[in-house]
Amino acid sequence: MAKDDNSGKDLAAADSSGVGHEGAPAGTAVVVRDAVANPGFPPHRPRVTDLDPSAERRAERTVYTLFYLSIVGSVFAIAAYMAFPIVPEDPGSVRMNNLFIGLGLTLALMAIGIGAVHWGKALMFDHEGIDERHPVRGSDETRTRAVEIFQEAGSESGIGRRTLIRNSLIGALIAFPLPAVVLFRGLGPQDDNPAALLSHTMWKKGTRLALDPTGTPIKASDITLGSAFHVIPEGLQDLEHGRLEEKGKAAVLLMRLKPEDLNELPERKGWSYDGIVAYSKICTHVGCPVALYEQQTHHLLCPCHQSQFDVSNHCEVIFGPAKRPLPQLPIAVDSEGYLIAQSDFTEPVGPSFWERN
Amino acid sequence: MTTINKPKSAGRRKSGRRHPLSSVALIAIGLLFTGGAYAAFSTSTANAETSATSQQTIGEGKKLFAANCATCHGLAAQGTGSGPSLIGVGAASVDFQVGTGRMPLQMDGPQAQKKAVQFTDEQIATLAAYVSSLAPGPGLPDSNLLDAKGNSAKGAELFRINCAMCHNVAGAGGALTQGKFAPSLDGVTSKHIYEAMVTGPQSMPVFNDMNISPESKRDIITYLKYLENNPSPGGYALGSLGPVSEGLFLWIFGLGAIVALTVWITARSN
Amino acid sequence: MSTTTTTTELVETKKSGGLTAVAANYIDERTSISTAVKELGRKIFPDHWSFLLGEVALYSFVIILLSGSFLTFFFSASMAPVQYDGSYVPLKGVEMSAAMSSSLDISFDIRGGLLMRQVHHWAALLFVAAIGLHMLRIYFTGAFRKPRELNWVIGFILFILAMAEGFTGYSLPDDLLSGNGLRIIDGMVKGIPLVGTWISYLLFGGEFPGEAIVGRLYSLHILLLPAIIVALIAMHLLFVVVHKHTQYPGAGRTNQNVVGYPVLPVYAAKAGGFFFIVFGVVMLMASLFTINPIWNYGPYDPSPVSAGTQPDWYIGFADGALRLIPPGLEFVWLDHTFSVNILIPLVSLGLFILVVLIYPFIEAWVTGDKREHHILDRPRNAPTRTAIGAAGVTFYAALWTTASSDIIATHFSVTMEGVIHTMQFLTIVGPFIAFFIAKRVCLALQKKDREIVLHGYESGRIVRLPGGEYIEVHQPIDEYERWKLVSYSDYKPLMIRPNAQGKITTGQKVRAGMSRWFFEDRIEPVGNAELEQAHTDRH
């Protein structure tokens, strides 16, 4: 690299601010030869409290009054703790408790703070001091000694000569954390394949559609035009384990449109029932529940990142960052009039993942 | 119609009925029954009202309708290009739309907005009577469903599942597509909340009694009234808008106050 | 010092000082604390309001530690389902995790518990905000220049760690809002090619949400992250002591001195008092304003969601980046899904963070300046740096604003789609506009400074000369004020010259290009000659 970016032209005058870089290149900095000189410190201006003894006494009074006030605040906070107990089932009592303990503590803290600062500003000696700066780098002598120490240590241990020892040590140090990495495999269950888990939900042929959260099965006739039902598979609430995990994949939104408003894909004819359609509620973007159904436009909106899906057009994306349409759950009606799933979803629900294809 | 696995499930559950058409018959019966029950329920409400309101009221309602609503909804409420048909929407719908000032519509926009109510309570009642006389539809809710004395915990859970995604968990409202929005529920009367659930005004889906039972609707109202009557225990709620208003408040007022104080601390005392 | 004198001195102090002296002697004989007092007790700290921003961050962290310790005594980091049976009626009997239930108990059944929760959360928001503002101060005044580049890196890592602390804490109550936040994180992680699915699987201990995540985040939140933060803060402060604080240009101040108040007593009184003031402000916010009302959100359940689901402000920029992506950016190739709609935000934010992290080294390379800098730049005197900063701030602000697109839509009666489209435009074009405006403003201000130095202030007094001409009287500026306006480091663009082999390397060309971009329209500080000239002209 160039030795000196300025070709040394402007640097002749050295500079006005030369700490710690005797010989440190100034790069492309321009050092003005006829720079205006630093005029030195302006004259000190005394404060009112320095000149007027009554002002000084007043300031003193303010400071100790504030400290006493802080004690009042602390006592008030303790008193409020006792005077405003929390009455079970009464949120108003929590509000009072929070408010008055808080205000007491605020006073206690603020008064100490303002008092101390006022003391420092108005009463303490206010002439500014000056510290010298020294270059951050160690002195040449120190640095030479440091290098020597390393050289001595190197020759005394022989780390430079005994290469086998050195290299095997480096190898050992690299190898020893590896078991720890392996140990972290245990963060997830050992014998499951995540991609396979993501590809299935609780829905299977014949599972009834049930109301969230009660689990009551839904009849096709219950669903009037313009309705939106939040649906879970029947039996979900009875699961011992994994209820939320299953719900996170199986949650469905059920809507009824006029059959003529539905523009169904040819391969999905028969997935709906008399204008009733069921779509996964889990956004194909990053997994928020897409549940904002506008019954007039038949649009579904995700409140997290504003992806919009058109229910009348097999839930294709019309706005927002999502790419894939919401997966449709094929539904039918069983002999008792209840809505049932024809099968599981035919594709993984929720956010995309690498193994998905 | 899809009827794929009926024989199997029917066979398993009710072993005596194996005729292939039995399931179809059953559905038909089921549909008829529920539909009929619903119709009966609706008409009984309507009937009750009709009997309570005289033919004269309906006549007055018709006049009011012709003067104020017919331009968009048509003289016989059959609907026109600029307004939907009101046949079968029921008294609940009229009471909600007119009672919250949304109707008559003031101007075109993404959605009808709440504004000063244009009619007296009597006028609204006559309008409702007229519209519900055209065809049965959801009637006005029973006052014991509006007393806000249900189970607020159940109501809150249902609210979170069915309502919070649009109206926000604290009922503060939220955005929909194309400039539409779900309004704040703060200060909305129990009756109007109930009517909105039953009728599904504008973008809002319908929540019929099979989806959320009248008792559950009462629970939801109980929860909303609980929120309204119990100010946040933590202090002023900053609009209940969540982290956005909290962050904005912190930056502007919290950090703003602290920066102002730093200026005081480092200013020279005079 | 001889033994005899020490003994006599000791005896004397014993007589005069009493208990304090005995105690001090006792401690010093065992710790050598007098050395520390001698070195640090009268250390000078310059006084300026913007130098207190880092302290705000430090103090909020102390407040967070204090209030957080209180909360750990009551919080149960378990996702085991329990039935809530506390005081808050609208959740009674609802099934939720022990984490949520214990957070509700802290809020509703422990006196002062809600206050501590709110103190903790407000202080957390303040912590990150104060770090952000502190970093902006450092950046715009050039305080990251040699010898402080490494301290900038440490500080920036602290910023990232503070966000991590914030996010892990936000997720602990296992409420609906934070649960959906975790769901989004899960979705983003799954979008990472090759390893995403597995990372998510390991993170959540199986499928989302699992029963492990709260406990794991808790370990990070109260153990690992705070330990790293404390260690880095110690390093950060150690460097401040080693480097001594920077100071603004001013009369009498040079690169070789530091002017201000000594630690004992003035600085201790002000900084110590300031801790209580910051604590007081946080306490006031906690007593008057609700933050994170988990009782409204209810327990996490994958099916519900609330309108206005947003992260805390410091994660907003990432959420905004996700919202800005136009539809359709995802494809399947070679049997694998490439979630470009997630990778674009991840990669561009990663790059943004990287550029901010290494900025001091970039600028040092461009200027080639290897000198130590202890006098701060006024932002106008480094126009290109200031303009780059303005562009960065605009980019961040645009992402941040987008995270509240839905709330903007409802509160300003505009369409959400319109907000997103506007923000897409602003995110890309806004930084360029900001760069241009900031640079022009800086240059204009520099010109104004020159004008003032050479001709004085406009006094507003109009005088009519004997010839009938009207002029405005200019008030000359005193030499102390003048010094602030003329003392700044000035660089000129690098000239490309061949190296020893007679070649011009690509690196050299890039550097020259950057240097030209930085300094081509520089405005020189006023020199003596010019000043003399102006002076003569005036008479």
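Domain bounds, as used in these legends, come from an automatic or database domain assignment. The structure is a predicted model, in which local features need pLDDT of at least 70, side-chain atom pairs count only at pLDDT 80 or more, and totals for chains, interfaces and linings use all residues. Residues are numbered from 1 along each chain as its sequence is written, while chains are lettered from A and ligands numbered from 1 in the order in which they are written.

**Figure 1. The two domains of chain B.** Chain B is divided into domain 1, residues 43-134, and domain 2, residues 143-230. Taken over C-alpha atoms, the centres of domain 1 and domain 2 of chain B are 22 Å apart. Two residues are in contact if their C-beta atoms, placed from the backbone, lie within 7 Å. By this criterion, 13 residues of domain 1 of chain B touch 12 residues of domain 2 of chain B. The side contributed by domain 1 of chain B has 5 nonpolar, 6 polar and 2 charged residues. In this classification Ala, Val, Leu, Ile, Met, Phe, Trp, Tyr, Cys and Pro count as nonpolar, Asp, Glu, Lys and Arg as charged, and the others, Gly among them, as polar.

Figure 2. The unreviewed UniProt entry places the annotation "domain: Cytochrome c" on residues 56-135 and 150-228 of chain B. UniProt positions are given in the numbering used here, feature names are shortened, and annotations may be inferred rather than shown by experiment. Helices (H or I, at least four residues) and strands (E, at least two) are DSSP runs, numbered from the N terminus. Residues 56-135 of chain B are 51% helix and 0% strand, with end C-alpha atoms 18 Å apart. For residues 150-228 of chain B, the end C-alpha atoms lie 15 Å apart, and the span is 51% helix and 5% strand.

**Figure 3. Residues of an annotated binding site in chain B.** The annotation "binding site", from the unreviewed UniProt entry, covers Cys69(B), Cys72(B) and His73(B). Cys69(B) is found in the loop between helix H3 (55-68) and helix H4 (70-73) of chain B, whereas Cys72(B) is found in helix H4 of chain B. A residue is buried if 20 or more other C-beta atoms lie within 10 Å of its own, exposed if 12 or fewer, and partly exposed in between, with C-beta atoms placed from the backbone. Cys69(B) is buried because 24 other C-beta atoms lie within 10 Å. Cys72(B) has 16 C-beta neighbours inside 10 Å and therefore counts as partly exposed. Leaving aside neighbours within four places in sequence, Cys72(B) is in contact with Thr80(B), Ser82(B) and Gly83(B).

**Figure 4. The contact between chain B and chain C.** This contact takes 49 residues from chain B and 56 residues from chain C. On the side of chain B, H11(B) gives the largest share, 16 residues. The elements that give two or more residues to this side include helix H7 (152-162), helix H10 (214-229) and helix H11 (243-266) of chain B. By class, the chain B side divides into 29 nonpolar, 17 polar and 3 charged residues.

**Figure 5. The contact between chain C and chain A.** Here 117 residues of chain C meet 96 residues of chain A. Helix H11 (residues 263-288) of chain C provides 15 residues, the largest share of the chain C side. That side of chain C has 55 nonpolar, 37 polar and 25 charged residues.

**Figure 6. An open sheet built from chains A and C.** The sheet has 3 strands in the order E2(A)-E4(C)-E1(C), with antiparallel pairing. Two strands pair if DSSP finds at least two bridges between them. Strand E2 (129-132) of chain A and strand E1 (44-45) of chain C are the edge strands, each pairing on one side only. E2(A) is joined by 4 bridges to strand E4 (residues 257-262) of chain C. Within E4(C), Gly260(C) is the bridge partner of Gly129(A), and Val258(C) stands opposite Asp131(A).

**Figure 7. The largest nonpolar core.** A nonpolar core is a set of buried Ala, Val, Leu, Ile, Met, Phe, Trp, Tyr and Cys residues joined through C-beta atoms within 7 Å. The largest one has 267 residues, and those with the most contacts inside it are Leu209(A), Val231(A), Ile331(A), Phe127(C) and Val282(C). Helix H6 (residues 113-140) of chain C supplies 18 residues, the largest share of this core. Beyond its neighbours within four places in sequence, Val231(A) is in contact with residues including Leu209(A), Ile218(A), Val252(A) and Ala278(A).
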